[in-house]
Amino acid sequence: MIYLRGENLGRRFGERVLFENLDLSIAKGERVAFIAKNGSGKTSLLNILTGREEPDGGGSVMIDKNITWTYLEQEPHFNENDTVLDAIFNTNHPKFKTVAEFELLTEKMELDPENTEIHEAMQKVMEDMELYQAWDLDNKVHTILTKLNLHHHLEQFCKSLSGGQRKRLALARVLIQEPDFVIMDEPTNHLDLQMIEWLEAWLQSLDLTMLLVTHDRYFLDKICNEIIELDMGKIYSYKGNYAYFLEKKEMRETYEQKEADTARKLAKKELEWMRRQPKARTTKSKSRIDAYYDLKEKASFKRDDSVVEIQMQMQRMGTKILEVHQLQKSYGDLKICTDFTHLFVPGERIGIIGQNGVGKSTFLNMLLGLEKQDGGSIVKGDTVRFGYYNQQGIQLSEDKRVIEVITDIAEYLEIGKGVKLSATMLLKQFLFDAKKQYNYVSSLSGGEKRRLYLLTILMGKPNFLVLDEPTNDLDIDTLNVLEDFLENYEGCMLIVTHDRYFMDNLVDSLFVFEGNGNIRSFNGNYQEYLNELDEEKTKDSKSKETPKLAATKTIEVEVQPIKKKLSYKEQRELEQLTDEIEILHQQKTILEKKLASGSSNHEDVIQWSADFEEVKSKLDEKELRWLELSEM
């Protein structure tokens, strides 16, 4: 069954053609990743598919009327005067309204447990929950709101939400609705690593058809079973993972180049024949003339193989870099760090991880001298020159031209050995051609603005890069080149990113924000950190096993356990755990069967084995929690 079909789709801006005569279809059960370079028309195509824009040239889009579908935008829009709860449950359905009221009263009861009016209201709502059989829906809603850190913001107005909160709110609304088909534009933006890993598991458990735009290569591999690429105005499809896509893409481009070379040789011969022909044409010669023009079009094919070439010279760095001694910072009850000490050494590459809201950006701002610490000291070496790439990105007037952004900093830049590059040449290296250099900043895509912002940072020739979510809005091609540059970068680096692939490739150690002001130093990348956590969980679960009774006589005294009444949240958690444990058992059984049957594809077996260990670890953890709550 076809859920979405687009035919003869086109989009042009003046003389510039982004794409034309495109055909695209998504069938039930397909999970398709959509890849394209920044500025190639990705957002335009999404807007056409979702009905926000009309295609040029009379194309059409059809979405099956018998299904439910939704679009998760990169920058979601809400009624600014709605509360978070209103935005999620924008419906008159009594079941959803009852769940919304139950969640709100649960939060109020936790804040004011002695309030009799709240208790009376809760009693009435619980009767309605029984009436509408809404407990399963509430378990789902509560899990989603908790995992996306929205459960304590239910009465907050949308107009007061940050960009990250708005994206998580929009994501929560999509997951709660559970449509048949969803189009998602960068769903992992503004999520911390734990949220992304939870979202992966949640989406994998759903029978959901999906068209997904993402730069997160780990997420893409785990969620999608097909990749489509918009390249030079055409759509190409690849049935497989990201590694398969790269292999087949290279083969396609090589074939296209050979075909174009052959066509050019033939076109040269045909051109000579065309010049020799008399004005009066026979039917046969007219047919050959038509074939010549088709050949000429093939011969004119020229692939845009330009990539971002980052060649920058950094300032010399001395032996003293950055010394942090007993750093302290808090906002009221929120502790950012307590007695944190670290001496940076040359070439150090550190990733920073932790849940949203624990103070990672505040920590960076203190190191950069942009924010004052409460206690301790930060001593910067005389030769250190920071380059700070922050989440907010480029802050420029929208009516400024691209080249003016660069010439405001410098007309020329030295890149080493006496070589100077003009502003025009620098922009060309960053894929801003002569025409685009005179475009206004307002006309750039989000990824192009990020690329321009990166250039402004590197023009300062920093020897200590501080990158706060540098991967947002960058296409995968640009990310690969940025990774290559950073791998060869000789200065120090601090990186905050939710892109696990990016982090695993670049960092040697981590600062782990564990909450309550505690920052743990870990020697290794993110995957190695996860492996250590799994080992610690395995040890903890073994240590909690009932020890064998000693072979000595003991006086047995019966101790009655103290029963503790579960809170409403704990009751819901216990019910939810039952469902989650059942799902995990099913996933475990499926993976056991796959491993038992084997596969000719070695990568499949490796992935199944990794998934099995992950499911087994989660199952152990949830069963222990279930036992703990049951004993209460």
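**Exercise 1. Is K239 buried or exposed, and what does its side chain meet?**

Step 1. Start with the surface: K239 counts as exposed because its relative accessibility is 54%. Here, buried means under 20% relative accessible area, exposed over 50%, and partly exposed in between, with a 1.4 Å probe and protein chains only.

Step 2. Remember what you are looking at: this is a predicted model, in which local features need pLDDT of at least 70 and side-chain atom pairs count only at pLDDT 80 or more, while totals for chains, interfaces and linings use all residues. Residues are numbered from 1 along each chain as its sequence is written, and side-chain values use heavy atoms, with hydrogens and water left out.

Step 3. Now find the partner: K239 and E30 meet through their side chains in a salt bridge of 3.4 Å, N to O. A salt bridge is a side-chain nitrogen of Lys or Arg within 4 Å of a carboxyl oxygen of Asp or Glu.

Step 4. Helices (H or I, at least four residues) and strands (E, at least two) are DSSP runs, numbered from the N terminus.

Step 5. Check E30 too: it counts as buried because its relative accessibility is 19%.

**Exercise 2. Which parts does the salt bridge of E483 and R217 tie together?**

Step 1. The side chains of E483 and R217 meet at 2.5 Å, N to O.

Step 2. E483 lies in helix 15 (residues 476-488) and R217 in helix 8 (residues 217-223), so the pair ties together parts 266 residues apart in sequence.

Step 3. Both E483 and R217 are buried.

**Exercise 3. Where do K329 and D374 lie?**

Step 1. Their side chains form a salt bridge of 3.9 Å, N to O.

Step 2. K329 lies in strand 10 (residues 322-331) and D374 in the loop between helix 11 (360-367) and strand 13 (375-380), so this pair ties together parts 45 residues apart in sequence.

Step 3. K329 counts as buried, at 9% relative accessibility, whereas D374 counts as partly exposed, at 49%.

**Exercise 4. What is the strand order of the open sheet?**

Step 1. The 6 strands have the order 5-6-7-3-8-9, with mixed pairing. Two strands pair if DSSP finds at least two bridges between them.

Step 2. The edge strands, strand 5 (69-72) and strand 9 (234-238), each pair on one side only.

Step 3. Strand 5 pairs with strand 6 (residues 181-185) in the parallel sense over 4 bridges.
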